[in-house]
Amino acid sequence: MFLGKVIGTVWSTKKTPDLEGVRFLIVHPFDLDREPTKNVVVVADRLGAGAGETVMCAYGKAARSAIGDQDMSIEAAVVGIVDRVDLVDTQSEELREAARALARDNGQR
């Protein structure tokens, strides 16, 4: 999973039948310092997240489960709209750098 900020919406009038009625958002992930990464991710959204909101997103099977259809043609989905994030500074710079590295590739290693 990753946290990110909704920065836009994807509009598509022609898509595969299993995606009819699904809303798609553009989400800009951020790292533990709340700095945006260089990537953006298109995610399916059935929760009604809006521009500027922080969302929690999942990939793969977890994303399809959240949407409710394991056969759906999606790779990422909003699984929560975040009210608040509390971070406690870590004492280990090595751990913090590892978390930043994971955020850069969105855990896709």
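Select Asp45 first: at 3% relative accessibility this residue counts as buried, where buried means under 20% relative accessible area, exposed over 50% and partly exposed in between, with a 1.4 Å probe and protein chains only. The model is predicted, so local features need pLDDT of at least 70 and side-chain atom pairs count only at pLDDT 80 or more, while totals for chains, interfaces and linings use all residues. Residues are numbered from 1 along each chain as its sequence is written, and side-chain values use heavy atoms, leaving out hydrogens and water.

Stay on Asp45 and colour by secondary structure. Asp45 belongs to strand β3, residues 41–45; strands (E, at least two residues) and helices (H or I, at least four) are DSSP runs numbered from the N terminus.

Next, show Gly48 and Ala49. The Asp45 side chain reaches the backbone nitrogen of Gly48 at 3.2 Å and the backbone nitrogen of Ala49 at 3.0 Å.

Now display what surrounds Asp45. With neighbours within four places in sequence left aside, Asp45 is in contact (heavy atoms within 4.5 Å) with Val22, Arg23, Leu25 and Val78.

From that group, select Arg23. Which residue forms a salt bridge with Arg23? The partner is Asp45, and the closest N and O atoms are 2.8 Å apart. The pair links distant parts of the chain, with Asp45 in strand β3 and Arg23 in strand β2 (residues 23–29), 22 residues apart. A salt bridge here is a side-chain nitrogen of Lys or Arg within 4 Å of a carboxyl oxygen of Asp or Glu. Side chains of opposite charge can pair when their charged atoms come close. Arg23 counts as partly exposed, at 33% relative accessibility, whereas Asp45 is buried at 3%. A search of the whole structure finds one salt bridge.

Met1 lies in the segment before β1 (2–10) and is exposed, with a relative accessible area of 72%.

Finally, zoom out to the whole protein. Two helices and five strands are present, and along the sequence they follow the pattern β-β-β-β-α-β-α. Of the 109 residues, 35% count as buried. Among contacts between residues at least 6 apart in sequence, 53% join residues at least 24 apart.

Notes:
A polar contact is a pair of N or O atoms within 3.5 Å; within protein, one must be able to donate a hydrogen and the other to accept it, and residues adjacent in sequence count only if both atoms are side-chain atoms.
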